[in-house]
Amino acid sequence: MAYVIETKDLTKFFGKRNIIYHLNLKVPRGVVYGFLGPNGAGKTTTIKMLTASLRPTYGEIRIFGLEMPQKRVEIMKSVGYMPEVPIAYEDMTIFDFLIYMGRLSGLKKEKATEQAKDLMNYVGVGKLALNKIKELSSGQKQRVTFASALIGNPELLILDEPTANLDPLGRIEFIGKIISLAKEGKTIFVSSHIVSEVEKMCNYVGLINQGRLIAQGRIRDLTQIEENDYDVATSNNALALNFLKEKPYVREVWEEEGIIRVQVDPRFLDELFLQFPKYLASQGIRLKLFRPHTSPLERILMEKFGIGEVGD
Ligand SMILES: Nc1ncnc2c1ncn2[C@@H]1O[C@H](COP(=O)(O)OP(=O)(O)OP(=O)(O)O)[C@@H](O)[C@H]1O
């Protein structure tokens, strides 16, 4: 499989301190990849290496299959990067800044102006267009930095703690935008230390702790601990429960807060999938939910990886 971002043994020392250890990131095309880890885990250091603002001590980075930093200019044409510390152009207005960034990325003046207007509205700073960047709050600056990452409609977004300064409503809005950008087909690599946020906006996760990648994969796969556990809800749980209790292929079944949890003998999964819906239909019972049982990511992190400090 070709990955949009792939690193091999990516390692960084600061002096004698080993900050990043043999990181092997694999980011498939089209996913929202949450780069999750506690403060000081090494997220920003990694992202700086991915965007060639910091040189690895050793290891390889490939983005779109091209080597970083050797192919930096070519790669960065298709990458929107949002650094953790936003924008240095303090004396520019938002509008001028975004036009300037558009021009830098190669757009003609007219196109850059039009895009700046669209992006200001998109990130919710349209009314502040003529304010200088130094006059903005840190949350407003973060919105402008997000807008500048979107200039040129890049295929890959690399966002370093993009919600750090946003208020709760701003965060919800931001998550919605990330989900719709992913639906457009973009690949999004986003760092965060907030588990619940990653769970809402990402479908992939890389878990970094003390410079080491300790887990990586689809969130759905990481959170499904027992392969043969299912959550079921119907319009008549009492009848559904009775039916399941009598089946020899059902190992355990119980109801908790309106959800039936059923553990099935894996050799007879087909029986559950075929017989159960058929029975429900014959009784006029509506199936409201039928999916593999998952545990919240936060619980998995604690139970499987012993990490309890991620999150706020
Ligand atoms: N230029 C530097 N020189 C020396 N040590 C550094 C330097 N930059 C970062 N570090 C150290 O590297 C470690 C990882 O820092 P990094 O900023 O990558 O973490 P992070 O996961 O992004 O944390 P946060 O969530 O707090 O932003 C920290 O211990 C930090 O002190």
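User: Which residues touch the most other members of the largest nonpolar core?
Analyst: Those are V32, Y33, L98, I158, F189 and C202, in a core of 66 residues. A nonpolar core here is a set of buried Ala, Val, Leu, Ile, Met, Phe, Trp, Tyr and Cys residues joined through C-beta atoms within 7 Å. Buried means 20 or more other C-beta atoms within 10 Å of a residue's own, exposed means 12 or fewer, and partly exposed is in between, with C-beta atoms placed from the backbone.

User: What kind of model is this, and how are residues numbered?
Analyst: It's a predicted model, where local features need pLDDT of at least 70 and side-chain atom pairs count only at pLDDT 80 or more, while totals for chains, interfaces and linings use all residues. Numbering starts from 1 along each chain as its sequence is written.

User: Back to Y33: what is it in contact with, sequence neighbours aside?
Analyst: Leaving out neighbours within four places in sequence, Y33 contacts V27, I188, F189, C202, Y204 and G206. Contact means that the C-beta atoms, placed from the backbone, lie within 7 Å.

User: What's in the second core?
Analyst: That separate core has 11 residues, including V232, A240, V253 and V262.

User: How is the protein divided into domains?
Analyst: Domain 1 covers 3–218 and domain 2 covers 229–292. Those bounds come from an automatic or database domain assignment. The C-alpha centres of the two domains are 43 Å apart.

User: Why is β10 called largely enclosed?
Analyst: Because six of the six residues in β10 (residues 204–209) are buried.

User: Which strands pair with it, and in what sense?
Analyst: Strand β4 (residues 32–36) pairs with β10 in the parallel sense over four bridges, and L36 has L207 as its bridge partner. Strand β11 (residues 212–218) runs antiparallel to β10, with six bridges joining them, and G206 stands opposite Q216. Pairing needs at least two DSSP bridges between two strands.

User: What about the turn in that hairpin?
Analyst: There are two residues between β10 and β11, and Q210 takes a positive phi near 45°.

User: New topic: what surrounds the ligand?
Analyst: The shell is F14, I19, G37, N39, G40, A41, G42, K43, T44, T45 and H193. A residue counts as near if its C-beta atom, placed from the backbone, lies within 6 Å of the molecule.

User: How many of them are nonpolar, polar or charged?
Analyst: Three are nonpolar, seven polar and one charged. Ala, Val, Leu, Ile, Met, Phe, Trp, Tyr, Cys and Pro count as nonpolar, Asp, Glu, Lys and Arg as charged, and the others, Gly among them, as polar.

User: Which helix gives the most to that shell?
Analyst: Helix α1 (residues 43–50) does, with three residues. Six of the eight residues in α1 are buried: K43, T45, T46, I47, M49 and L50. Just after α1, A52 takes a positive phi of about 65°.

User: Last one: is P248 buried or exposed?
Analyst: P248 is exposed, because it has 8 other C-beta atoms within 10 Å. Its place is in the loop between α9 (237–245) and β13 (250–256).

How values were computed: Two residues are in contact if their C-beta atoms, placed from the backbone, lie within 7 Å.
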